[in-house]
Amino acid sequence: MSNVFSIDYRSPPSGLGQIFDPTRPDTPENMILVSYDGNGNPNNPHYGGQIHLKNIYDNPEQIDLLRQFLIDNQVCVIQDLEEGFNHPDISMNGIFDLEDWIKIIKSYC
């Protein structure tokens, strides 16, 4: 089973979301925080790991860095309920393939 990147747009300063392994306990030390400028502390000590990017919506190259980070952390599934509502044609109840979700995020740049 792959890791999941769960998007959480509504909880600044928690960042963009968390990467987690669904087979492990749902605790911060088992999660990797994904944050970016304006949404999240670049040195959040409460997670097992973190990547902090420049604002991804102003810097499209940051989306490429995020994509590679997700691949490096064995993420194949993105859980994004808001974009799932916006794109029901390519999501299954807010669950996206990594590449489909990346295309959506890049469309906002």
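1. Arg-67 is partly exposed, with a relative accessible area of 26%. Buried here means under 20% relative accessible area, exposed means over 50%, and partly exposed is in between (1.4 Å probe, protein chains only). The areas come from the Shrake-Rupley method with a 1.4 Å probe, and for residues only the protein chains shown count as cover.

2. On provenance: this is a predicted model, in which local features need pLDDT of at least 70 and side-chain atom pairs count only at pLDDT 80 or more, while totals for chains, interfaces and linings use all residues. Residues are numbered from 1 along each chain as its sequence is written, and side-chain values use heavy atoms, with hydrogens and water left out.

3. What does Arg-67 pair with? Its salt-bridge partner is Glu-99, and the closest N and O atoms are 3.0 Å apart. The pair links distant parts of the chain, with Arg-67 in helix α1 and Glu-99 in helix α3, 32 residues apart. Glu-99 is partly exposed as well, at 30% relative accessibility. The salt-bridge criterion is a side-chain nitrogen of Lys or Arg within 4 Å of a carboxyl oxygen of Asp or Glu. Helices (H or I, at least four residues) and strands (E, at least two) are DSSP runs, numbered from the N terminus.

4. The search of the whole structure gives two salt bridges. Lys-106 and Asp-64 form one of them, with 2.6 Å between the closest N and O atoms. Lys-106 sits in helix α3 (residues 98–106) and Asp-64 in helix α1 (residues 60–72), so this contact ties together parts 42 residues apart in sequence. Lys-106 is partly exposed at 36% relative accessibility. Asp-64 is partly exposed at 39%.

5. Strand β1 (residues 3–7) is mostly covered, with five of its five residues buried. Both faces are covered: Asn-3, Phe-5 and Ile-7 lie on one side, Val-4 and Ser-6 on the other. β1 pairs with strand β5 (residues 75–79) in the parallel sense over four bridges. Strand β2 (residues 17–20) pairs with β1 in the antiparallel sense, also over four bridges. Strands count as paired if DSSP finds at least two bridges between them.

6. Gln-18 belongs to strand β2. Is Gln-18 buried or exposed? At 12% relative accessibility, Gln-18 counts as buried. Leaving aside neighbours within four places in sequence, Gln-18 is in contact (heavy atoms within 4.5 Å) with Val-4, Phe-5, Ser-6, Asp-8, Met-31, Ile-32, Leu-33 and Tyr-47.

7. Aromatic pairs come next. Rings of Phe, Tyr and Trp (its six-membered ring) pair if their centres lie within 6.5 Å; planes under 30 degrees apart count as stacked, over 60 as edge-to-face, and the rest as tilted. The count comes to two aromatic pairs. For Phe-5 and Trp-101 the ring centres are 5.7 Å apart and the planes stand at 90 degrees, so the pair is edge-to-face. Phe-5 lies in strand β1 and Trp-101 in helix α3, so the pair ties together parts 96 residues apart in sequence. Phe-5 is buried at 0% relative accessible area. Trp-101 is buried at 1%.

8. Tyr-36 and Tyr-57 also form an edge-to-face pair, 6.1 Å centre to centre with 85 degrees between the planes. This pair links distant parts of the chain: Tyr-36 in strand β3 and Tyr-57 in the loop between β4 and α1, 21 residues apart. Tyr-36 is buried, at 11% relative accessible area. Tyr-57 is partly exposed, at 25%.

9. Asn-39 lies in the loop between β3 (31–36) and β4 (49–53).

10. Overall, the protein has three helices and six strands, in the order β-β-β-β-α-β-α-β-α. For 109 residues, a compact globule would have a radius of gyration near 13 Å; the protein has 13 Å, which agrees. That radius is taken over C-alpha atoms, and the globule rule is 2.2 Å times the number of residues to the power 0.38. The C-alpha atoms fill a box of roughly 35 × 35 × 25 Å along the principal axes. Of the 109 residues, 39% count as buried. Among contacts with a separation of 6 or more, residues 24 or more positions apart account for 35%. The accessible surface comes to about 6100 Å², of which 52% belongs to carbon and sulfur atoms.
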